[in-house]
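Please read the following briefing alongside the sequence and the structure.

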Amino acid sequence: MFSWKALRFRSAKDVVLPLSLSLRGRRKKAKTHDDSLGPPLRCSRKLKEMMIRHYYLARLAKGVKPVAWVTSGAPVELLRALDFYTVYPENHGALCGAGRAAQELCAAAERQGYSPDLCSYARTDLGHAFSGGTPVGKLPEPDLLFCSNNICQTVQYWFKQLAYHRGIPLVLFDAPFIPDGESEPSAAVAYMAAQLRACVPKLERISRREFDENRFSEVLRLSKESSESWGRVLSTLKARPAPMTIFDAFVHLAPIVSLRGLPVCLDYYHTLLSELEERVGAGIGGIREERTRLMWDNIAVWFKLRDFSRLFASHGCSFVCATYTNAWAETMHFLDAKDPFEALARAYGQVILNRGLGYRAALMERMIGEYQVDGLVFHSDRSCKPYSIGQYQLQRTLAERCGVKTVVIEADMTDPRSYSEEQTSNRLQAFLEM
Amino acid sequence: MNRSQYLRARKLEGRKVFGVFPAQYPKELLWAFDILPVEIWDPKPAACEAGRYIQPFVCSVVRAGLELILQGKADFLDGFFFPHTCDSIQNLMSIVQSIRPDIPCWFLYHPRAPHGLEAESFYAAQLEGITRQLGERFGTVSPEKYADAVEAGRRINSLLREVYERRASGELGVTNREFYDTLRLGEFQTADDYEGALTGLLRRGESLTACGDGTLPILVSGVLANPPELLDRMDELGIRIVADDFINLGRRIPSPKEGSKGSPSVEMISDYFSLPPCSTRGFGIEERVLFLTRLLERSRAEAVIFWTTKFCEPELFDLPPLTKELGKRGVRVLHIETELNEGVSAQVATRLEAFVETVNRERGAEI
């Protein structure tokens, strides 16, 4: 059936966007480059265009495709099989943080009674809901909220608010936490797989589309291969010098978070991987002179990304791995199209934040060895309790087991009001002089 | 006899004692194994060690519990039980496992609402697993003993419902402080002793003058009634708490049921899924509003006080929409945020006083 909205969406996707992005690229002046950093990645431009395209098309998607707002750890493959256009409020929160728009949005949520002690991604998103403010122009109204608590319980508290304020359905994928010492979580896997099967008819009703198992299998394949490619991208950082830093990886993470299960995501990581392999071959590093190799724990401090990148580079410190970026490469090997629901349950139920601190310590110890890490920076993120509580203990454990130097900095992923420049500078200065 | 003396006396009788973190757990199952659960909500050890393990933005329930363990005041325990109530308690378990590997930990995940059939199966599988693990360590339990424990739980829940009903109808003339001091005995007493305490409270209430006249009937919602000095202040201001939606009390009392319909575990599962909606178990705003509205009607409370504990994320998220929805229904609402065991600030006392004056003025009552 003919539809103006569909025509507008298709023409924007196939004609207007490619043309305007190409013109934009020609007009764009090169940014000034910090001498302590390595040459910029060619792929960065492609990434930017991809994300502009994603958010621009999101504006036009309503009425053309069913729209879902999704948490970063939710099994989006189910939605892809039903042609949902997906938007990730966490990714949007990170964009707002990096663009220094989060503080105002957080304040808008606080004016509605939400406590400043709550997660700043949630406050940013709720602030957007109340004020309409966003650096990406406009987000499409969702038809569905799809949430998994495998990364934290906060996302459920937060999405519950969105469901209430917007009056739209919320589908939860409840992923039981796996404590240290627990063996194969078979009851939990059965529980998760049963939930996934049970939610298909509801998703079909909302999307007004029929669930196509062949398409589902194809999406799983794309997801698995994208995640494996992302893993290979990260593995290039084992080289000396590492061809990019984790600050670059925080940015290049966007497709695996937001576009997982789509061909464009897999294509992108193939291109990025080629470029990084080329840099490894040519001995080009993410920073000009790599003397010390570091690991980052927790979400990025989005509004300080560039500053931190320059600060560490100027001291010859290259971040070569992070638990955060690793999370999207860690469990996707469980994805198996032969038994898709159980595979999704295993892949999404066993992510780092859904496991005990003993598991995390062992993973970090392994990464320290594999990436030849000399030091560890823990970001104690006021907004993220599951990631932050226990870091002091992890710090002691890993310093003792691996003999690496460590530091904890207190900050927040998007809200600059929870960050003290002076205090952090002093701590980092002392760490860098160790 | 204080709590510590009481617990040590029970240990001398040969009982095992488990430290249980908030909030919901299969108490009857532990009773069946002759394990006395002692709930760790708001102990009062001086803060000194916990800051080495957790950040200042973690709630005082978790902080105080960890402090207790670090100061060696939980050394006599035979085990810990960690229900998955929130992200903070989840990670606390990992910390405790690493600093006290000598004390075994048990864990229960709460399936988050909305609960389908798969949630019931999963909960049942977990109960089965815990029963098996406890059996391996402490010996198996006969079905009769398990049934007796479940029955004791039913009797206690029935008494609790009666206590709240009598309180609401103005027949239980004890102070707010006495009321909660008695109700909270269930956090560490044996089933028999707690049953006795509740029966005693009901008898005592009968002998006192009715307390309804001239007081302001209030519904309180939050984590727990701490600091207790706030209860004293409410007593002074003529507030009578007639119903609560506290995580440690009202939200742990299941709906009443007629007779016994199955095995002990079936009964426990049925009770679990009939608990009131709670922020920590994923219930939607609409369900919580409906529950609070019905509780208001049933208890004839004339206002609501949300009494939250600082940094309690699940409660803080629900607060704005609950306040808005109750406001739409013409219910007066006050929000007070406190830290455990830190007394009542002048600011909180003044806000409470102003709230009582406003509500009383509106209802035309004499203060």
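**Briefing on a predicted two-chain contact**

Between them, chain B and chain A bury about 4,100 Å², 60% of it on carbon and sulfur atoms; buried area is the accessible area (1.4 Å probe) that two parts lose on being put together, summed over both. This is a predicted model, in which local features need pLDDT of at least 70 and side-chain atom pairs count only at pLDDT 80 or more, while totals for chains, interfaces and linings use all residues. Residues are numbered from 1 along each chain as its sequence is written, chains are lettered from A and ligands numbered from 1 in the order in which they are written, and side-chain values use heavy atoms, with hydrogens and water left out.

**Interface of chain B and chain A**

- Chain B gives 49 residues to the contact and chain A gives 48 residues, where contact means heavy atoms within 4.5 Å.
- There are 2 salt bridges between chain B and chain A, a salt bridge being a side-chain nitrogen of Lys or Arg within 4 Å of a carboxyl oxygen of Asp or Glu.
- A salt bridge joins the side chains of B:Asp318 and A:Lys160, at 3.1 Å from N to O.
- On the side of chain B that touches chain A, two or more residues come from each of helix 4 (87–99), strand 4 (105–109), helix 5 (117–138), helix 11 (285–299) and helix 12 (313–328) of chain B. Helices (H or I, at least four residues) and strands (E, at least two) are DSSP runs, numbered from the N terminus.
- That side of chain B comprises 24 nonpolar, 14 polar and 11 charged residues. Ala, Val, Leu, Ile, Met, Phe, Trp, Tyr, Cys and Pro count as nonpolar, Asp, Glu, Lys and Arg as charged, and the others, Gly among them, as polar.

**Cavities**

- The whole structure holds 6 cavities of 30 Å³ or more. On a 1 Å grid over the protein atoms alone, a cavity is a set of points where a 1.4 Å probe fits but cannot get out, and lining residues have an atom within 4 Å of a point.
- The largest cavity has about 420 Å³ of space; grid points are joined across faces, edges and corners, and a volume is the space filled by probe spheres set on the points.
- Its lining has 27 residues, and B:Gln24, B:Lys27, B:Glu28, B:Asn157 and B:Arg252 are the closest to its centre.
- Helix 6 of chain B supplies the largest share of the lining of the largest cavity, 5 residues.
- The second largest cavity has about 360 Å³ of space. Among its 28 lining residues, A:Ser72, A:Glu90, A:Ile151, A:Trp328 and A:Leu353 lie nearest its centre.
- The lining of the second largest cavity divides into 20 nonpolar, 5 polar and 3 charged residues.

**Salt bridges in the whole structure**

- Over all chains, 62 salt bridges are found.
- In one of them, A:Arg42 pairs with A:Glu278, with the closest N and O atoms 3.3 Å apart.

Technical notes
1 Å grid on protein atoms, 1.4 Å probe; cavity = no way out; pocket = protein on both sides within 12 Å on 5 of 7 lines; lining within 4 Å.
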